[in-house]
Amino acid sequence: MSSTPLTAGTHRVPGKWPNANGRFGEFGGRFVPETLMGPVEQLERAYEQARCDANFQAELKRLLKDFAGRPTPLYHARRLSARLGGAQIFLKREDLLHTGAHKINNCLGQGLLAQRMGKARLIAETGAGQHGVATATVAALLGLECCVYMGEEDMTRQAPNVFRMRLLGAQVIPVSSGSKTLKDAINEGMRDWVTNVGNTHYLMGSVLGPHPYPMMVRDFHRVIGQEARGQVLELAGRLPDYLFACVGGGSNSIGLFYDFIPDREVKMVGVEAGGRSLRLGDHAARFAGGKPGVLHGTYTYVLQNEDGLIAATHSISAGLDYPAVGPEHALLHQSGRVEYTQASDAEALEAARELSRTEGIIPALESAHALAEVIRRASTLSREAIILVNLSGRGDKDLGIFQSAGIL
Amino acid sequence: MANASTSRLSPVFHELLKGGEKGLVVYVTAGDPSLEATGEILRAIDHGGADVIELGVPFSDPLADGPVIQRASERALKGGATLRKVIARLPAWRAGVGAPIVLFSYYNPILQYGLDAFARDARRAGVDGVLAVDLTPEEADPYLQAVRTQELDPVFLAAPTSTDDRLKRAAEASSGFLYLVSRTGVTGERDELATTLAPLVQRARRQTSLPLAVGFGISNPRQVRAVQQLADAAVVGSAVVHAVETRYSSGGARAIGDFVRWLKHGTGSEPA
């Protein structure tokens, strides 16, 4: 790869959102207890300063390159493309980043920001454990204390990541309330933050939560799409026809999509977790079964019942198993710029097996949801068509799930 | 204009002030341990001497609450309590209760109910004030319009982390009283009052003439008295909810009334 990836997008401003109130259209905003408003406003100011500070940006760029391993390759999956008999499939290899997923992009950014703000302690929620591992890694790198909240059910199904976090020196706190998954881990994280606001930065792992998180986390992941845009132009000589990414909170997808938003000819597809079925409680497909509401500080699509109580969710992938979606995705859904669809547990497992055997790449089950949609569609497209998929994480953490699903 | 209250909250604080007294605000979770029990628990709390009752609406994700109120919410939700059912039963519960009632909820259930319908139905059910714990004044315009149209008192929180500007804003958006959060953190009993409390009360006093009620971490008569030295009223939540959890099954609503009486007048250890 040449060293051009950043140039393609550096001077483009793909969207006008959020506005000064942290709104993406009608979505977003700030819905937190009063105690957190001070810290959230402080964070907003600190981020605005850091964003314009060349030293901050240079330090982040250095760490993304030397520590995390950017730029990540854009890989032409020739055997998979040929086997499906349609479009040419390119994989954006975020799985090759240090710690095994895209999450490190955001953690390095927020970690440096926490240091600037003089916060000695990082807290985070984690579902699949990828964000927890990335946060623990950055805490170790920067010499910060780290505490990660993780649902008990997720600790069981993503056990290897629990061990990694502990080895990195983080304290992993099991969350036994509610559904014992990501949503409940965020509740506990917020409770910790509201108690320890003085010395603690809440390192939120997705484009969720009160403003400025959805904007800030997106900005830290924009590098995915900026690189990919330059790479596909170089490899194929033109923009892709389609982008695909899985959508839990929506950080890897917004990171890939964002710099392509002005390119009207590029279609974008976000893939949510279809779980066992599309009955409420059996999935995490917010655009299939949710409606606008407030959860964890933001107004967005939420899976809920008619009384406004948050619904239980299910997905085989812990990283997608969450009842709300980033507010910018809600706007992109409303405007029709991005199409949202879903892949089931079974389809994701099958897609993971397919990529492993065809290309020698074991994807995370989250990313396998995006692949499942690609597998469904590739053969309907011409051989000249170009598909770009964000392979957001690697699948080592999911071996136990593959095993119990009986596909090993 | 913003502080024009036609609910029972202002008269209650006015009477207290006139008599040189300080108030006791008692929080309890609706539907805990059951919807059936809530009516008699509210009457017991009223008779026990609460000046204002905060009725908590259980929510699936109570991120501002500590373990005691989390458990109460889970019990109440298991028993089928929802905002709709709470409002539907309030007229019956309210009969025989003299204290003003403030509904204390997270924002999403109110939003899904429909802001105008919620305010109208709450008012008809005999609610005096409303507090949405994860709603701050800057996001509250449509909510405020609905609530004020029905002449309900909107109550907002101010915290030790609130700047003077934010304190002012919370006071301007509130009527009836302003709720001061005594410490950073979630709801729950604490051994000592926070050192941040006195400065917060002083700052709030400079911004508003509204009555000031102080909550979070207040659980016994000694703390109630200490808060009443500083502010107009003390709010006791988790300790009362804990009493419901541990005393209701054996002592019934009377035990909850005794507990409130102890908070109001007591000096020694908890009632048996």
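Reader: How do the lining residues of the largest cavity divide by class?

Author: This is a predicted model, and the largest cavity in it has a volume of about 340 Å³. Of the 31 residues that line this cavity, A:His102, A:Lys103, A:Gly319, A:Leu320 and A:Glu366 are the closest to its centre. Sorted by class, the lining has 10 nonpolar, 17 polar and four charged residues.

Reader: Which elements give two or more residues to the lining of the largest cavity?

Author: The lining of the largest cavity comes to 31 residues. The elements that give two or more of them belong to chain A: strand 5 (121-126), helix 5 (130-142), helix 8, helix 10 (251-257) and helix 14 (365-378).

Reader: What is the count of cavities of 30 Å³ or more?

Author: A cavity here is a set of grid points where a 1.4 Å probe fits but cannot get out. With the cut-off at 30 Å³ or more, the count of cavities is seven.

Reader: Which residues are the closest to the centre of the second largest cavity?

Author: The second largest cavity holds about 140 Å³ of space. Its lining divides into eight nonpolar, five polar and three charged residues. Out of 16 lining residues, those closest to the centre are B:Tyr179, B:Thr187, B:Phe216, B:Gly237 and B:Ser238.

Reader: Which element gives the most to the lining of the second largest pocket?

Author: The second largest pocket has a volume of about 300 Å³. The residues closest to its centre, out of 19 in the lining, are A:Gly178, A:Lys183, B:Ser60, B:Glu74 and B:Leu77. Helix 8 (182-195) of chain A and helix 3 (67-78) of chain B each supply at least two lining residues. The most, five residues, comes from helix 3 of chain B.

Reader: How many charged residues are in the lining of the second largest pocket?

Author: The lining of the second largest pocket comes to 19 residues. By class it has six nonpolar and seven polar residues, and the charged residues number six.

Reader: Which residues of chain B lose the most area to chain A?

Author: The contact takes 37 residues from chain A and 34 residues from chain B. Between them the two chains bury about 2,700 Å², with 53% of it on carbon and sulfur atoms. On the chain B side, three residues together account for 23% of what is buried there: B:Asp61, B:Leu63 and B:Glu139.

Reader: How many residue pairs are in polar contact across the interface of chain B and chain A?

Author: A polar contact is a pair of N or O atoms within 3.5 Å. Counting pairs with both residues at pLDDT 80 or more, the number across the interface of chain B and chain A is 20.

Reader: Which element gives the most to the side of chain B that touches chain A?

Author: By class, the side of chain B that touches chain A has 16 nonpolar, 10 polar and eight charged residues. Helix 3, helix 5 (107-113) and strand 6 (157-158) of chain B each supply at least two residues of this side. With five residues, the element that gives the most is helix 5 of chain B.

Reader: Which residue of chain B meets A:Glu41 in a salt bridge, and where does that residue lie?

Author: A search of the whole structure finds 53 salt bridges over all chains, and four are found across the interface of chain B and chain A. A:Glu34 meets B:Arg166 with an N to O distance of 2.8 Å. For A:Glu41 the N to O distance is 3.1 Å, again to B:Arg166. This pair runs from helix 1 (residues 34-51) of chain A to helix 8 (residues 164-173) of chain B, where the partner is B:Arg166.

Reader: What is omega of the peptide bond from A:His211 to A:Pro212?

Author: A:Pro212 is in the loop between strand 8 (200-202) and helix 9 (213-236) of chain A. The peptide bond from A:Trp17 to A:Pro18 is cis, with omega near 0°, and A:Pro18 is in the segment before strand 1 (23-24). The bond from A:His211 to A:Pro212 is also cis, with omega near 15°.

Reader: Is phi of A:His296 positive or negative, and what is its value?

Author: Most residues other than glycine have a negative phi. A:His296 lies in the loop between strand 11 (291-295) and strand 12 (298-302) of chain A. Its phi is positive, near 50°.

Methods:
Residues numbered from 1 in each chain as written. Chains lettered and ligands numbered in written order. Predicted model: local features only at pLDDT ≥ 70, side-chain atom pairs only at ≥ 80, totals over all residues. Heavy atoms only, no water. 1 Å grid on protein atoms, 1.4 Å probe; cavity = no way out; pocket = protein on both sides within 12 Å on 5 of 7 lines; lining within 4 Å. Points joined across faces, edges and corners; volume = space filled by probe spheres on them. Helix = DSSP H or I, 4+ residues; strand = E, 2+ residues; numbered from the N terminus. Nonpolar A, V, L, I, M, F, W, Y, C, P; charged D, E, K, R; others polar. Contact = heavy atoms within 4.5 Å. Buried area = accessible area lost by both parts, 1.4 Å probe. Salt bridge = Lys/Arg side-chain N within 4 Å of Asp/Glu carboxyl O. Polar contact = N/O pair within 3.5 Å; in protein donor to acceptor, adjacent residues only side chain to side chain.
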